[in-house]
Amino acid sequence: MATCEICGATFTPSSEATEVGKSSTQELTLTNTGQGALAISALKFLEDADHAYALAPSSPDPTTTPLAGEASIILVIQFQPSSSGTLNGKLRIESDDPKNP
C-alpha cells in the first residue's frame, strides 16, 4: 500500500491507500486567471523517486493548445506506486506567464 502527496496537498483519490502495482487518479483544476491566453510548455513531476506520478491517459494534454484567459482545464493525475510507503512528489507547470513561468 502507498499514500502520496502532490503540490503540498495530500493526494487522496479514495479513502483507501493505493496498492503497489495498482493505480488511482485525482482531478486537478488548472485555471488561467489572466486575460490573455496561457501557453503551457511542460508538466514535470519532481521529487518522484518511484516514478509513481503521471498525467493519466484519459487527461487532456494542456501543452497542445493555449488555455484561454479566465478559462480552466481539468487534468487527471495518475498515481501508480511500485513500492510501499508514503511517496511524495511535486508538479511543476511551465508556461509563458511572465510572473510565474
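Predicted model: local features only at pLDDT ≥ 70, side-chain atom pairs only at ≥ 80, totals over all residues.
Visitor: What is the secondary structure of the protein, and in what pattern along the sequence?

Guide: The protein has 0 helices and 7 strands. Read along the sequence, the pattern is β-β-β-β-β-β-β. Of the 101 residues, 31% count as buried. Among contacts between residues at least 6 apart in sequence, 72% join residues at least 24 apart.

Visitor: Why is the pair of Phe-45 and Tyr-53 called stacked?

Guide: The ring centres of Phe-45 and Tyr-53 are 6.2 Å apart, and rings pair if their centres lie within 6.5 Å. The planes make an angle of 5 degrees. Planes under 30 degrees apart count as stacked, so the term applies to Phe-45 and Tyr-53.

Visitor: What makes the pair of Tyr-53 and Phe-79 tilted?

Guide: The centres of Tyr-53 and Phe-79 lie 5.4 Å apart, with 40 degrees between the planes. Stacked requires under 30 degrees and edge-to-face over 60, so an angle of 40 degrees leaves the term tilted. Tyr-53 lies in strand S5 (residues 53-55) and Phe-79 in strand S6, so this pair ties together parts that are 26 residues apart in sequence.

Visitor: How many aromatic pairs are found in the whole structure, and which residues form one aromatic cluster?

Guide: A search of the whole structure finds 2 aromatic pairs. Phe-45, Tyr-53 and Phe-79 form one aromatic cluster.

Visitor: What is Leu-75 in contact with, leaving aside its neighbours within four places in sequence?

Guide: With those neighbours left aside, the contacts of Leu-75 include Leu-28, Leu-30, Leu-43 and Leu-55. Gln-26, Glu-27, Ser-59, Pro-60 and Pro-62 are also in contact with Leu-75.

Visitor: Why does Leu-67 count as buried, and where is its place?

Guide: The place of Leu-67 is in the loop between S5 and S6. Its relative accessibility is 10%, and buried means under 20%, so Leu-67 counts as buried. Beyond residues up to four places away in sequence, Leu-67 touches residues including Leu-30, Thr-31, Ala-37 and Ile-73. Leu-67 and Thr-31 are 36 residues apart in sequence and 8.3 Å apart in space, C-alpha to C-alpha.

Visitor: What makes Ala-37 exposed?

Guide: Ala-37 has a relative accessible area of 55%, and exposed means over 50%, so the term applies. Ala-37 is found in the loop between S3 and S4. Not counting residues up to four places away in sequence, Ala-37 touches Asn-32, Pro-66, Leu-67, Ala-68, Gly-69 and Asp-96. The C-alpha atoms of Ala-37 and Asp-96 are separated by 9.3 Å, although these residues are 59 apart along the chain.

Visitor: Why is Glu-70 called exposed, and what is its phi?

Guide: The relative accessible area of Glu-70 is 56%, and a value over 50% is called exposed, so Glu-70 qualifies. Glu-70 has a positive phi of about 60 degrees although it is not a glycine. The place of Glu-70 is in the loop between S5 and S6.

Visitor: How do you know whether Gly-89 is buried or exposed?

Guide: Gly-89 has a relative accessible area of 6%, under the 20% limit, and is therefore buried. Gly-89 is placed in strand S7. The C-alpha atoms of Gly-89 and Leu-46, 43 residues apart along the chain, are separated by 5.7 Å.

Visitor: What is the volume of the largest pocket, and which residues are the closest to its centre?

Guide: The largest pocket has a volume of about 290 Å³. Of its 16 lining residues, the closest to its centre are Asn-32, Leu-38, Ser-95, Asp-97 and Asn-100. Strand S3 (24-31) and S7 each supply at least two residues of the lining. The lining divides into 6 nonpolar, 7 polar and 3 charged residues.

Key:
Residues numbered from 1 in each chain as written. Heavy atoms only, no water. Contact = heavy atoms within 4.5 Å. Phe/Tyr/Trp six-rings, centres within 6.5 Å; stacked < 30°, edge-to-face > 60°. Helix = DSSP H or I, 4+ residues; strand = E, 2+ residues; numbered from the N terminus. 1 Å grid on protein atoms, 1.4 Å probe; cavity = no way out; pocket = protein on both sides within 12 Å on 5 of 7 lines; lining within 4 Å. Points joined across faces, edges and corners; volume = space filled by probe spheres on them. Nonpolar A, V, L, I, M, F, W, Y, C, P; charged D, E, K, R; others polar. Buried < 20%, exposed > 50% of the residue type's maximum accessible area, 1.4 Å probe, protein only.
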